[in-house]
Amino acid sequence: MNKTILSGNLTREPELRYTQNGKAYVRFSLAVKRPFSKDKDAVDFFNLVAWDKTAEFIANYFNKGSKILVEGRLQTSSYEKDGVKVNAVDVLIENVEFADSKHADKPKDNNNDSDDGDYPF
């Protein structure tokens, strides 16, 4: 079985891109705190990839720093860079959920600089 569940914060703004065939995808990394580490600031970073509607959802609703819960599977790959073989591990996202209700109610608006702070009621 190949199943991974992670909860953490996006380390950068997710940028929606398209393959030459028009398939949507987004790549980003996730910072996940180590729960039982003696070092309270210990964090692991994971590379994530989402495709199609899931990629569009992430690009529309999550920003750098957003807390997210993802379920997916690990996939390894290798490529050559400057004559050196590089091995990579990505988490291919199958399901995604908001882990923080702060921005869960509406899509992000890249043209609006207003703060959606807490309401007094």
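**View 1. Lys81 and Val84 at the end of a strand pairing.** In this predicted model, Lys81 stands opposite Val84 in strand β6. Strands β5 and β6 (residues 84–98) pair in the antiparallel sense over 14 bridges; two strands count as paired if DSSP finds at least two bridges between them. The hairpin of β5 and β6 has two residues between the strands, and Asp82 takes a positive phi near 55° there.

**View 2. Strand β1 beside strand β5.** Strand β1 (residues 4–10) runs antiparallel to β5 (residues 67–81), and six bridges join the two. Leu6 has Val70 in β5 as its bridge partner.

**View 3. The chain as a whole.** The chain holds one helix and six strands, arranged along the sequence as β-β-β-β-α-β-β. Helices (H or I, at least four residues) and strands (E, at least two) are DSSP runs, numbered from the N terminus. Of its 121 residues, 26% count as buried, that is, under 20% relative accessible area with a 1.4 Å probe, protein chains only.

View 4. Where pLDDT is low, the predicted coordinates should not be read in detail. The mean pLDDT of the chain is 87, and 83% of its residues reach 70 or more.

**Notes.** Residues are numbered from 1 along each chain as its sequence is written, and side-chain values use heavy atoms, with hydrogens and water left out. Local features need pLDDT of at least 70 and side-chain atom pairs count only at pLDDT 80 or more, whereas totals for chains, interfaces and linings use all residues.

Technical notes
Buried < 20%, exposed > 50% of the residue type's maximum accessible area, 1.4 Å probe, protein only. pLDDT = per-residue confidence, 0-100.
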